[in-house]
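Q: Please walk me through this model, one feature at a time.

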Amino acid sequence: MSEEFEVKLIELSKSFGEVKALNNFSLEMVKGELVALLGPSGCGKTTALRALAGLQQLDSGKIIVHGKDITDLPTNKRNMGMVFQSYSLFPHMSALENVEYGLKMRFRKVSNAERQKKSKELLDLVDLSSHMNHFPHQLSGGQQQRIALARALAISPNVLLLDEPLSALDAKVRSQLRDEIRRIQLEVGTTTLFVTHDQEEALGIADRVGVMKKGVLEQIATPAELYDKPKTSFVAEFVGLTNPIEGEVKNGKINVLGQDIQVLPGSVSAGKAKALIRPEAINLTKDSNPNAQILTISFLGSMLRVMLKLNDRTQVTAQLSNFDNINYRIGDKVTLKINPVPVFAKEL
Amino acid sequence: MGQIMSKLSKTDVWRWIIISFVGAYLLIPIFAMLEFSTRGAPGERSAEAWVAIPTFPKLLSSIFSSLQLAVVVIFAVVFILVPTMIWIHLRLPHLRRIMELICLLPLTIPAIVIVVGIAPTYRAIYQIFGSSPLTLSFVYFILVLPYSYRSISASLFSIDTHTLSEASRSLGASTIRMISGIIVPNIKVGIMSGAVISIALVLGEFTISNLLNFETMQVVINLLGKRDAATSVAVSLAALVFAFILLAILPTSNRSRSSKLKSNKKTEVMYK
């Protein structure tokens, strides 16, 4: 079974003074998979990526790629393609020369013509062959990152490492480039590790998402599983929005607002707890026994975001996607109902 | 005239006043040197002093020695200082302050003190390397450190050295290829200005070479000045012009890059 994994990071540890950036961190990736590491600043996601690239010395642990232990291999011998957060194109080289650089370094026997042919193919892949003679300062941020992607892919890397490559770009370009990265990754089939602090980016692009906290991998799962079945309260709260509503856990269910809802494994097993309810799991109705009052209503195009105050003064946010026949106003008293999907219950 | 003046803003007027003042300050002595070195019979000009330059064998050999020294010092800057600075910048940033302090130290020590301190060392140098004027390159390298360090350091800070080096390493470059192929081309302007300042300093240095009894260009010009003032001024002027030509190399090297960029813009138009 373990032979199926293309990349194995085994119990990596790294400390910077008192801070443990990686604490027995382990991760396995299968061939062609795109894994995103998600977490807040300082959680160790970039340290893990840099360790795989050979740019970060480890205190302990093992890195295996293609069944070969590369823990002590220098960066330039690892064959990892990397795209950095900051623009990293070589300023004195044109786009074409940038893409050719890795080929020159790794495959010295390849002829100039062949090298140029491959580089042009890669520039075609990122749709920038018309800019091959441009220098980095003549390119926009998005174009520079696309060239950097072509440069990283030119060496046919064992693993493609993307270190927050979209964070310096504006929202529109970021979304376009995110889709493009995924398209290209699927086309070339390179195993890819993508590091980001943006959950929308991670959930939108990855086959699996690993959520990290203080150097530890809290949970790794498909985006849907991570969202619907978080294993820890940190994952539940970090990925997507949640409304913590107080209730009582008994026999694997939590009683919230008079409803019994199943709790997810890892939740509080008995006693008082807070159910982490997703905004889209909340429905509103108008009846004779209201339990909440509308504070604000925001129209978001395809959905309506409603902020409410419960009778016990707890504030919750509901996201309504089917609101055509509803005519709510601020101050209206409503009854809040929760979809009976399993929720995570955390300690008070 | 009034119309022209009204078109010029106050700032422009002040700018031209300052430029004229600085220009006059620099050019008047040079014209005076030219005038003095070409002075012939009353009311006539003569190139006698300039023609006489090659007839002083000591002068030619001293010019040659100074040029050799400049080349050796530039080699030392490029092959010792530049890699050391890059290495410290990338791998040992905590040593940056110490390096800066060491490199700037020669600025604070008068030349005479340096000579007194270094004279005993030179006795050992004579024994190992002989008494060639080229041995002055050791002390000259120390003298040029502050100027070279400043210009190279400014260039290193102007680029994202860490990311560029990591990108280069991840693409398969060895440390030497990363330094020579990526970092050095991007700090070329800093290295060039450091080198030009070093040349100017080596060609103009007098105190140390004189006190250590070496016959460099400035020492011989000084001696010559006592016998043939016009020729000594002619040689000084020639050295100045040479330094100016070197200073002109910097914009030229930048121009070669911008012309490359211009050619790209042409290509861009073709694609459109």
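The dialogue below goes from domains to a helix, a sheet, a loop and the chain contact.

Q: What should I know before I start reading?
A: This is a predicted model: local features need pLDDT of at least 70, side-chain atom pairs count only at pLDDT 80 or more, and totals for chains, interfaces and linings use all residues. Residues are numbered from 1 along each chain as its sequence is written, while chains are lettered from A and ligands numbered from 1 in the order in which they are written.

Q: Which domains does the assignment give for chain A?
A: Domain bounds come from an automatic or database domain assignment. For chain A, that assignment gives domain 1 (2-228) and domain 2 (241-346). The centres of domain 1 and domain 2 of chain A, taken over C-alpha atoms, are separated by 39 Å.

Q: Is helix H1 of chain A mostly covered or exposed?
A: Helices (H or I, at least four residues) and strands (E, at least two) are DSSP runs, numbered from the N terminus. A residue is buried if 20 or more other C-beta atoms, placed from the backbone, lie within 10 Å of its own; exposed means 12 or fewer, and partly exposed lies in between. Helix H1 (residues 45-53) of chain A is mostly covered, with 9 of its 9 residues buried. Among them are Lys45(A) and Arg50(A). Gly54(A) follows H1(A) and has a positive phi, near 90°.

Q: What is the strand order in the open sheet of chain A?
A: Two strands pair if DSSP finds at least two bridges between them. The open sheet of 5 strands in chain A runs S13-S12-S11-S14-S20, with antiparallel pairing. Strands S13 (259-262) and S20 (344-346) of chain A are at the edges with a single partner strand each, so one side of each has no neighbour in the sheet.

Q: How many bridges join S11 to S14 in chain A?
A: Strand S11 (residues 243-250) and strand S14 (residues 271-277) of chain A run antiparallel and are joined by 7 bridges. Glu248(A) has Lys272(A) in S14(A) as its bridge partner.

Q: Where is Ser288(A) found?
A: Ser288(A) sits in the loop between strand S15 (282-285) and strand S16 (292-299) of chain A. Ser288(A) is exposed, because 5 other C-beta atoms lie within 10 Å. The C-alpha atoms of Ser288(A) and Thr335(A) are 8.5 Å apart, though 47 residues separate them along the chain.

Q: How many residues does each chain bring to the contact?
A: Residues are in contact if their C-beta atoms, placed from the backbone, lie within 7 Å. Chain B brings 21 residues and chain A 22 residues. On the side of chain B that touches chain A, H8(B) gives the most, with 6 residues.

Note on methods
Two residues are in contact if their C-beta atoms, placed from the backbone, lie within 7 Å.
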